Amino acid sequence: MKALNRRKLITASAVLAMLGLVATAIPAQAREVGVTSTQIKLGMTLPMTGTASLGYNKIPGAAKAYFDYLNANGGVNGRKVTLIVEDDRYVPTEAVAKTNKLILRDKVMALLAPLGTANVKAVASSVNPARRGVPVLFVNTGFSGFADIKKYKTTYTVLPSYVMEAKIMGEYIKENFAGKKIGLLYQDDDFGTDALAGFKSAGTNFAIKVPYASGSQNAAAAAGWITKFKAAEVDVVILFGVSSATSAMLGVAAQLKYAPQWMLGSVGGDATTIKLTGVPAGVLYNAIGFSPVPATTDMKDEYVKFFSDIYAKAVPGSPFDLNVLLGMNTAFMTAQALKAAGPRLTRKSLMAAIDSKGATFANSALVPAGYSKTSHVGLTGYWVGKYSPTGDLSPIGGTYVTYTTDSGSGPVVKSTYKRPAMPAKGLPN
Amino acid sequence: MKKVRILSLLSVAALATTVLVTAPTVAAAAPLCDGKSPIQTCVGATSDGAPYAMQVPANFNGTVALYSHGYRFNVDIPAGIPLVGGYKVTNTPEPVPGGDAEVAKYFFSQGVAILGSGFARQGWNPDSAIKTNVELIDTFKKQFPKTTKVVAWGSSLGGVITQGLAEKHPELISAAAPLCMADNVQPQLQGAGDFLWGVKVLFDPTIKAGNYSAGAAGVAESYADLIKVFTVMGKLQAALATGAWPDTSSATGKALAAAGVPSRSALLLIGLMAGIPTQSAHFDSISGPDGALKLTFPLALSPALAILENGTEAAALAVMATQDVENQAGGAIFDNTQTDYSARIEGERVIYNAALSGNTVIDALLGALSPANPGAPRAVANPAAVAKMKALHTNTGKINVPTILMVGVADPITPAGASQRLVDLYAEQYAEEKAAARKAYQTTRDYKNPVNNLLMIWNTTPESYTKFNAAGSPITTAPAAPGTRHCNFTSAQLVLIAKSLVQASNTGKLPSGGALYTAVRKAGNLSIDKGINFPWMKFYTDNQ
């Protein structure tokens with residue numbers, strides 16, 4: 001037996017020696033699912049069809065536009081990025097099926113920007129990317145629970161949490177609408193629960209809170225919501241729902257000439273998406289909105305200009321809006337993570353790169369990111385703006401004043417964050 | 001294939017007739033063999049009176065496959081009771097699953113004999129069945145001294161019996177395959193009790209849902225429960241779209257109805273808290289008909305329909321097994337006085353939020369089902385009966401021999417989580433074995449990596465499978481989707497298990513590598529992906 005072990009040792013040494021030779025000859029070769037010497041495969045699930053797809057279905061096109069630009073400029077360490085997109089229609093069980101396909105059949109290296117709290121939760125419990133060691137990068141949901149690094153150890157958030165957003169909204173209300181009656185429309189699930197926690201932390205008192213079950217939002221429901229807000233005689237109505245809920249509400253409000261002071265959460269606050277549903281731009285005028293990234297019309301901003309130019313070439317005629325900007329920003333951060341992971345790219349090295357360098361990744365956001373070895377928290381704040389007569393969100397007073405906070409009981413403070421300059425040619429370095 | 005199965009069952013029935021006519025009436029006498037070739041059939045009864053059947057090919061190579069059948073009701077069910085009416089207690093031996101001729105043919109082609117007992121007692125019977133099997137193995141070896149190896153397999157409760165045999169008598173068997181294995185008696189009946197209790201306190205408070213009287217009176221009460229539960233299911237199905245509540249609903253149920261809570265959301269909630277899968281034979285919780293319901297159907301309706309279909313399939317067993325085990329234990333065995341149903345559905349409430357009609361409705365339902373509501377009294381067990389139930393045979397999950405598990409991912413009676421538990425426990429066992437091997441290396445300098453002794457095969461569902469007619473209504477007459485229903489395996493899948501058992505008995509190792517992947521792919525709808533992970537049965541949420 002000992003002789004056999006020695007033989008095994010000799011064989012193993014020979015194999016290692018051979019591997020050393022191979023490693024010398026092909027330095028960039030790595031053995032990892034979804035990674036070859038020429039390609040990195042990523043997978044994305046989100047609603048591309050159905051009522052909830054409104055606006056969000058532009059995200060894959062935006063991400064692909066940046067990846068195509070990246071690939072045309074040599075990719076990452078010689079590898080081209082391929083993005084496989086699956087339509088989950090915002091149905092959690094379908095997100096599970098499609099994610100299984102991406103992992104088992106398409107064999108993607110990582111999941112990128114899956115959308116929706118319920119969907120990401122369903123995938124986490126049924127597909128269990130954490131158990132498989134599959135990175136879930138930059139999820140398109142602000143549910144604060146995904147920052148629980150023990151429970152979702154391979155998941156990275158990017159959007160500021162709904163708790164943070166509600167806390168910042170609450171502070172704004174305190175400063176600007178003291179003594180006014182406030183109403184809240186929210187989604188009756190974890191999305192809304194997070195918002196309620198943030199408002200509670202901010203000490204916001206509501207004259208009325210109107211929940212809606214996910215999937216029930218439509219014009220008829222909106223008429224009912226308005227009846228409730230009218231009865232409560234609210235001055236300010238916060239719409240903390242998805243785009244289709246915001247659009248239904250504003251569309252019916254326009255018909256009924258119901259015009260309180262609107263305050264729109266970022267999830268459902270993209271003006272382009274709202275206007276696409278037929279809501280007159282004037283309804284949005286003077287509404288208050290929140291965003292972590294610059295105004296999409298701000299062509300003086302180097303990131304907005306850069307992304308806008310690429311997108312215009314990749315998807316001619318498609319308006320550049322918040323969903324597009326966020327989609328491209330996510331792809332841009334992903335490219336930097338892939339680059340930072342080095343030529344021997346693995347799932348582990350990718351996550352280690354975000355842990356160690358993610359907080360310094362260049363990106364368009366005007367607020368800091370919280371990535372570290374002990375935190376998978378992404379962006380941590382917002383600036384406050386108002387919608388123009390044409391429905392575009394711009395900073396109040398013409399200057400971005402950003403606020404940052406956490407998902408706990410920390411205070412809301414003005415941010416002193418200095419955004420990194422864009423790397424040369426918008427490529428990871 | 002159906003035709004083959006029917007023929008095979010007829011042949012088993014013929015064997016039983018032979019036993020009645022010609023077999024010695026004294027139990028444990030030598031088997032009565034027909035001496036035929038190429039397949040010799042022997043019948044007899046073990047000392048407990050359990051009839052058995054052996055079929056031995058002329059080219060017998062010394063290996064025999066012992067099959068343990070699943071749960072059979074231990075009382076006759078009167079005609080007229082939906083779905084299960086007309087059942088008569090039977091202890092007909094079943095030497096291969098469902099008399100599957102393809103499986104028997106494969107074994108015979110390899111020179112492997114088949115063997116199975118009908119067991120003396122039906123119902124929940126692992127204690128007696130394991131003993132029966134031990135005796136049966138001995139009887140077979142005496143009759144066929146050439147016997148060198150025994151592989152054991154079984155379905156459902158037969159899976160529990162098989163695993164139990166492997167745990168208690170690893171010296172008797174070379175490999176084991178518990179298929180669609182039930183969990184131990186307490187977790188299994190806790191899940192049944194949770195569902196029945198939910199149906200009772202919301203939809204029909206006259207349902208007993210356990211705590212049945214002793215003897216014949218209790219059996220009669222269980223029959224009445226069967227009728228009531230199926231009646232409620234029918235009413236819920238009829239009102240699925242409108243969300244109306246059955247006229248038999250409790251005061252609690254009626255209050256929820258008045259508050260606008262749809263009955264389908266209530267049904268879904270009690271299904272989730274009992275751990276019933278949200279994919280069923282015809283409802284995938286993904287597909288929707290073209291038109292206005294394209295998205296609404298999978299989001300709001302399909303999960304409840306799946307619970308309805310699965311719950312209906314599981315209800316008869318839930319009622320009758322509860323009555324059976326209560327009868328064995330001497331009193332009420334279901335207790336939910338300490339159960340936190342809110343914790344039970346913590347993971348699912350966001351996933352099925354739309355079908356549950358949002359957090360406000362979920363909280364209203366959980367409030368109605370909480371111990372604080374006197375209108376939904378919790379069930380209190382008899383401690384002595386619970387102690388007696390716990391004393392019934394319980395598998396530890398220890399893997400002693402090469403073991404193959406296979407289960408449908410949406411099996412409504414023996415959920416995938418029961419098999420997952422063994423997978424997880426074995427991961428711990430393997431880690432301990434590895435640590436011991438490393439420790440041994442310190443003194444021997446001869447490291448031996450422990451051999452993997454567990455292969456988990458999942459019978460998966462298609463990505464989507466609900467079909468709709470031209471009017472947009474779901475079609476429920478199509479064959480059940482793979483991975484759904486109880487122990488719903490194809491002949492090809494069962495033959496794969498048979499092949500794997502034979503290989504394991506020949507080599508001492510489970511199949512692995514490329515050959516395994518190819519065989520699994522050819523059998524169809526199966527996955528051996530180690531990343532698949534199902535939650536354990538809900539009982540363990542309360543008892544971790």
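Modeller: Contact here means heavy atoms within 4.5 Å, and by that rule the interface takes 32 residues from chain A and 28 residues from chain B. Please keep in mind that this is a predicted model, in which local features need pLDDT of at least 70 and side-chain atom pairs count only at pLDDT 80 or more, while totals for chains, interfaces and linings use all residues. Residues are numbered from 1 along each chain as its sequence is written, chains are lettered from A and ligands numbered from 1 in the order in which they are written, and side-chain values use heavy atoms, with hydrogens and water left out.

Biologist: OK, and how much area is buried between chain A and chain B?

Modeller: About 2,400 Å², with carbon and sulfur atoms giving 52% of it; buried area is the accessible area (1.4 Å probe) that two parts lose on being put together, summed over both. On the chain A side, Arg89(A), Arg131(A) and Asp188(A) supply 24% of what that chain buries against chain B, more than any other three residues.

Biologist: How many salt bridges are there between chain A and chain B?

Modeller: There are three, where a salt bridge is a side-chain nitrogen of Lys or Arg within 4 Å of a carboxyl oxygen of Asp or Glu. Asp529(B) forms a salt bridge with Arg132(A), and their closest N and O atoms are 2.6 Å apart.

Biologist: Which helices of chain A supply at least two residues each to the side that touches chain B?

Modeller: Helix 1 (2-25), helix 3 (92-105), helix 4 (117-126), helix 5 (129-132) and helix 7 (190-202) of chain A do, helices being DSSP runs of H or I with at least four residues and strands runs of E with at least two, both numbered from the N terminus. Helix 3 of chain A gives the most, with eight residues.

Biologist: Switching to sheets, what is the strand order in the open sheet of chain A?

Modeller: The five strands have the order 2-1-3-4-5 with parallel pairing, and two strands pair if DSSP finds at least two bridges between them. Strand 2 (80-87) and strand 5 (155-157) of chain A are the edge strands, each pairing on one side only. Strand 1 (residues 39-46) of chain A runs parallel to strand 2 of chain A, joined to that strand by eight bridges, and Gln39(A) stands opposite Lys80(A) there.

Biologist: And what does helix 2 of chain A touch in that sheet?

Modeller: Helix 2 (residues 59-72) of chain A packs on the sheet, touching strand 1, strand 2 and strand 3 (110-112) of chain A, and its direction makes about 165° with that of strand 2 of chain A. Such axes are lines fitted to C-alpha atoms, for helices over the stretch in contact, and angles run from 0 to 180 degrees between N-to-C directions.

Biologist: How many strands are in the open sheet of chain B?

Modeller: That sheet has 10 strands in the order 1-2-3-5-4-6-7-8-9-10, with mixed pairing. Strand 1 (32-33) and strand 10 (526-527) of chain B stand at the edges with a single partner strand each, so one side of each has no neighbour in the sheet. Further in, strand 6 (residues 149-155) and strand 7 (residues 175-179) of chain B pair in the parallel sense over five bridges, with Ser155(B) opposite Leu179(B).
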